[in-house]
Amino acid sequence: HHFTVGRLWIEEAVVSTRVRDMLEAKGYMDMISWFATPEKIKELLQEFAHAFPKPHAETTVVRAVETLLFSGHVYTMAGSIALFIGVLVMPVLQALLATMLAYYAREAAATGSGTPWLPKLR
């Protein structure tokens, strides 16, 4: 997909285990065991974990850029534009200028003539 950056999810087994741990820590597991067998408790915890709302999130570079640029908050949009310029535009521009300068330097060294940006090298 569009360059997935991060993914977050919680599994049912984690919810079930955490609920069991909490019930045991608070002393409620003894009380529950009076009314239900261990198998029934396990089934109850699995059903609870299945029905419990579990967050799931996934983001991509494209979605993150959309969220930042179209958030409606002036500081967020300005920061996003500054970040875009500083992280993407400026390094690409620097690489292009360095490549162009190296090309002209090679040409000036080979011909012995100056260029608008470089003086005569010989």
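The largest nonpolar core holds 7 residues: Val-15, Val-19, Leu-23, Met-29, Ile-41, Leu-45 and Ala-49. A nonpolar core here is a set of buried Ala, Val, Leu, Ile, Met, Phe, Trp, Tyr and Cys residues joined through side-chain atoms within 4.5 Å. Two or more residues of this core come from each of helix H1 (12-26) and helix H3 (38-51). Helices (H or I, at least four residues) and strands (E, at least two) are DSSP runs, numbered from the N terminus.

The model is predicted: local features need pLDDT of at least 70, side-chain atom pairs count only at pLDDT 80 or more, and totals for chains, interfaces and linings use all residues. Residues are numbered from 1 along each chain as its sequence is written, and side-chain values use heavy atoms, with hydrogens and water left out.

Ile-41 is in contact with Arg-20, Met-29, Ile-32, Ser-33 and Ala-36, leaving aside its neighbours within four places in sequence. Ala-49, found in helix H3, touches Glu-12, Val-15, Ser-16 and Lys-54, not counting residues up to four places away in sequence. Ala-49 and Glu-11 are 38 residues apart in sequence, yet 8.5 Å apart in space, C-alpha to C-alpha.

His-50 is also found in helix H3. His-50 and Ser-16 are 34 residues apart in sequence and 8.7 Å apart in space, C-alpha to C-alpha.

The table gives the accessibility of some residues. Buried means under 20% relative accessible area, exposed over 50%, and partly exposed in between (1.4 Å probe, protein chains only).

| Residue | Relative accessible area | Class |
|---|---|---|
| Ala-49 | 1% | buried |
| Phe-52 | 37% | partly exposed |
| Phe-48 | 39% | partly exposed |
| His-50 | 52% | exposed |

The structure holds 2 aromatic pairs. One of them joins Phe-48 and Phe-52, with 5.5 Å centre to centre and 40° between the planes, and is tilted. Rings of Phe, Tyr and Trp (its six-membered ring) pair if their centres lie within 6.5 Å; planes under 30 degrees apart count as stacked, over 60 as edge-to-face and the rest as tilted.

Helix H5 (residues 74-111) has 38 residues, so at 1.5 Å a residue it should span 56 Å; its end C-alpha atoms are 52 Å apart, which agrees. The expected span is 1.5 Å times one less than the number of residues. H5 has a kink of about 35°, centred on Ile-85. The bend at a residue is the angle between axes fitted to the seven residues ending there and the seven starting there.

The protein has 5 helices and 2 strands, in the pattern β-α-α-α-β-α-α along the sequence. Of its 122 residues, 11% count as buried. Among contacts between residues at least 6 apart in sequence, 54% join residues at least 24 apart.

Note on methods:
Contact = heavy atoms within 4.5 Å.
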